Amino acid sequence: MTATDRSLELVHTAAQAAADKLAHDVIAYDVSDVLSITDAFLLASAPNDRQVKSIVDEIEERLSKELGVKPVRREGDREARWVLLDYVDIVVHVQHSEERVFYALERLWKDCPELELPADAKATRGKAAEHAELRAEGDDAEFGEPR
């Protein structure tokens, strides 16, 4: 069994929305062969809580306006460290960068096929590492230490 066309449409729209709000490392997996509860997982991250919320809000708004769907469940809003949007056909995980590294969902789902995403979403790959490196350089400069 593979992800349905509807699931792929949801994933593409959500991935583009996440990319538009500058999400990091957007990736999607077809989990339909290993899970019966959903077809696909979309993962995205951001370096701070406010941006996590912004990405989640944009995904929710875009899927509602463009495809007429609302999540059946939304979890993790209060802390905004890991927000889950359950659309039944797909589940969207937007995580704070620290949670993304700690929980390493990619490692859990690495045997599942990766889904093709819009170019803007693909361009987000490696952004978390790039952001961390720039931040480290900024911290070094702040303390007068050359890198």
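How many helices and strands are there in the protein? There are six helices and five strands, where helices (H or I, at least four residues) and strands (E, at least two) are DSSP runs, numbered from the N terminus. Please keep in mind that this is a predicted model, in which local features need pLDDT of at least 70, side-chain atom pairs count only at pLDDT 80 or more, and totals for chains, interfaces and linings use all residues. Residues are numbered from 1 along each chain as its sequence is written, and side-chain values use heavy atoms, with hydrogens and water left out.

**View 1. The whole protein, to get your bearings.** The C-alpha trace spans about 55 × 30 × 25 Å along its principal axes. Of the 147 residues, 46% count as buried, meaning under 20% relative accessible area, while exposed means over 50% and partly exposed lies in between (1.4 Å probe, protein chains only). Among contacts with a separation of 6 or more, 65% come from residues 24 or more positions apart; a contact means heavy atoms within 4.5 Å.

View 2. Ser-45 sits in strand S2, which covers residues 40–46. Is this residue buried or exposed? Ser-45 is buried, because its relative accessible area is 1%. Beyond its neighbours within four places in sequence, Ser-45 touches Ala-23, His-24, Asp-25, Ile-55, Gln-95, Ser-97 and Arg-100. With Arg-100, there is also a side-chain polar contact of 3.2 Å, that is, a pair of N or O atoms within 3.5 Å; within protein, one must be able to donate a hydrogen and the other to accept it, and residues adjacent in sequence count only if both atoms are side-chain atoms. Look for Val-83 too: it is 38 residues from Ser-45 in sequence, and 9.9 Å separates the two in space, C-alpha to C-alpha.

**View 3. Leu-22, in a loop.** Here you see the loop between helix H1 (5–20) and strand S1 (24–30), where Leu-22 has its place. Leu-22 is not a glycine, yet its phi is positive, near 65 degrees. With a relative accessible area of 59%, Leu-22 is exposed.

**View 4. Ala-104, between two helices.** Ala-104 belongs to the loop between helix H3 (97–103) and helix H4 (105–109). Its phi is positive, about 45 degrees, although Ala-104 is not a glycine. Ala-104 counts as buried, because its relative accessibility is 11%.
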